[in-house]
Amino acid sequence: MILLDRVTKQYGKHLDPALDRVSLHIEPKEFVVVVGQSGAGKSTLLKLLTREERPTSGKIIVGGIDYDKLPDRNIPLLRRKIGTVFQDFKLLPNKTVFENVAFALEIVGVSTKEIKNTVPRVLEIVNLKDKANRMPRELSGGERQRVAIARAIVRQPKILIADEPTGNLDPKHAWDVIAVLEKINRYGTTVLLTTHNQDIVAKLKRRVITIQNGKIASDRANTQSVDRQPTRRVA
Amino acid sequence: MGPRMTMFVRIIRAGMLNFVRNAWLAMAAMAIMVITLTIILFSVIANATFNNTVQQIEDKINISVYLKDTVTEKQKDTFLAGIKKLENVEKVTYLSKEQALKVYMEQNKGNEQLLSAINETDNPLPATVQIKPRSLSKINEIRSFVLKADNLALQSDSMSDSGNRREAIDNITTATHILGRVGVIAVALFAIISVLIIFNTIRMTIFNRRDELQIMRLLGASTSFIRGPFIVETIIYGVLSAIISILIINGVFVTASASLQATSFGLLDISYSQEFFGKYYWQLLASQLTLGILIGAVSSLIATRRYLKFKTAKH
């Protein structure tokens, strides 16, 4: 599903690379947790996957699309296949909760009728049904984060990338979010999650990739994982 | 509804919704558009009024050549034909001695004494050739033809634009020429400045909302779907601003035409401004709308471009 081959990203010629020859393979339907300190290269990794940044060298193939051969005009099509939860939510400030979630469907041309059906259901999953008509500025940080998650999953993407989706949440809500992610993973979506929260890492029992100084320091399948054993790949 | 239509309706709806939700930002941008569009409109009308005044002055100026009584029919015809050949001559009117007298008597209708005095004498008035020049600036061509020796021999009096009046005509000619150009340059300058100010205003408005553009980009929205609502929104600015600017000028003429007339020292015919505005009302409105819509749309098109670019650099 996701393949990185010796990917290096250097933001400036004289700077240390943010990612240094990283190779990685993630199977379809896998649930992968990426951990690492701030500045380790986690966000860069995610930005490369959404084609927000281009690698300095190396190859990236996601869902069969080779990024080297992806013309600019098709970047939107790529992004529509990937659901993304951004660390800073990136909600549209002039749109209500409902409209923010609906926007993800509008841009792909889903019918208005279907939008009216789907969005309330997804808002129910993230427990925000009663705040559908609020503006983002009227919501708490945790609520905003959940809107961002609703928006990312509403298209039922094949791949979901979540950058610190529990960062602003108290433990109870954090676990609600993780439960949502596990649920959509069970429906067949490949999930890539970054987190700082050691508690979550420990309890999730999923494949954990640790990034340190732009390199993969460890990549281990959590042995206690019961329902599905992901294949361990050596970078 | 087809998918294209659905997208189109969504773009229009989003644009209108944005307009309402960004009311304050919209008002600030529109205030500037209204001011600049009003200035353009005002300068267009002022220029037209000024040109009209100049035209009125020019219309009053013509050259009269007075012929001796001894001039034969043939000599007169040759002279008239010669004048008509000149490029700068718009109209030539020949008044025979009798016609000249009739005009003179008509002009002095109330003056019984004068009229009876004229009746007692033989017709004292010379046959007159009135020449209306096409352009005041080239009046010398006519002058030199009239003053040619064999033509001069036909004349009883010197032609009537000579002396002090000639100087006055020359002055008016130069002045109208310069002022006419100044008017056109002023209108053009105002227009250019306005376009730049409006462009900059729209650019600032969009700069304020660049995050929105970038977020939509990251979510995978197509360029037209992101840009469309912004263009719709700025078109609404343009339409409303054009209408408001027309209403302002309209209001000025309704409420302040008397004081405008007073401040122009009687030099300009303000009633003509009103007439011009009334006569070309729809054309002016249409051009204001076109200008507003065009500048708005093009500005937002250009201003959004940089926030919609994909990163191409590998470093």
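## Ground rules

Residues count from 1 along each chain as its sequence is written, while chains are lettered from A and ligands numbered from 1 in the order in which they are written. Since this is a predicted model, local features need pLDDT of at least 70 and side-chain atom pairs count only at pLDDT 80 or more, though totals for chains, interfaces and linings use all residues.

## Where the chains meet

Chain B puts 21 residues into the contact and chain A puts in 26 residues. (Residues are in contact if their C-beta atoms, placed from the backbone, lie within 7 Å.) On the chain B side, α1 (3-21) and α9 (210-218) are the elements giving two or more residues. The largest share, 6 residues, comes from α1(B). Helices here are DSSP runs of H or I with at least four residues, strands are E runs of at least two, and both are numbered from the N terminus.

Sorted by class, this side of chain B has 9 nonpolar, 7 polar and 5 charged residues. Ala, Val, Leu, Ile, Met, Phe, Trp, Tyr, Cys and Pro count as nonpolar, Asp, Glu, Lys and Arg as charged, and the others, Gly among them, as polar.

## Two helices side by side in chain A

Helix α5 (residues 141-153) and helix α6 (residues 171-186) of chain A have axes that come within 11 Å and cross at roughly 5 degrees. (Axes are lines fitted to C-alpha atoms, for helices over the stretch in contact, with angles from 0 to 180 degrees between N-to-C directions.) α5(A) and α6(A) are therefore roughly parallel, a label for angles under 35 degrees.

From α5(A), the contact uses G142(A), R146(A), I149(A) and I153(A); from α6(A), it uses H173(A), V177(A), V180(A) and I184(A). By class, that's 5 nonpolar, 2 polar and 1 charged residues.

## A buried helix

Helix α1 (residues 42-49) of chain A has 8 of its 8 residues buried, so it is largely enclosed by the rest of the structure. Buried means 20 or more other C-beta atoms, placed from the backbone, lie within 10 Å of a residue's own. Among the buried residues are K42(A), T44(A) and L49(A). Just after α1(A), R51(A) takes a positive phi of about 60 degrees.

## A sheet in chain B

Chain B has an open sheet of 3 strands in the order β1-β3-β2, with antiparallel pairing. (Strands pair if DSSP finds at least two bridges between them.) The edge strands, β1 (63-67) and β2 (89-95), each pair on one side only, and the twist averages 20 degrees from one strand to the next.

β1(B) joins β3 (residues 127-133) of chain B over 5 bridges, in the antiparallel sense. Y66(B), for instance, has T128(B) in β3(B) as its bridge partner.

Key. Contact = placed C-beta atoms within 7 Å. Parallel < 35°, antiparallel > 145°, perpendicular 65-115°, else oblique. Buried ≥ 20, exposed ≤ 12 C-beta atoms within 10 Å, placed from the backbone.
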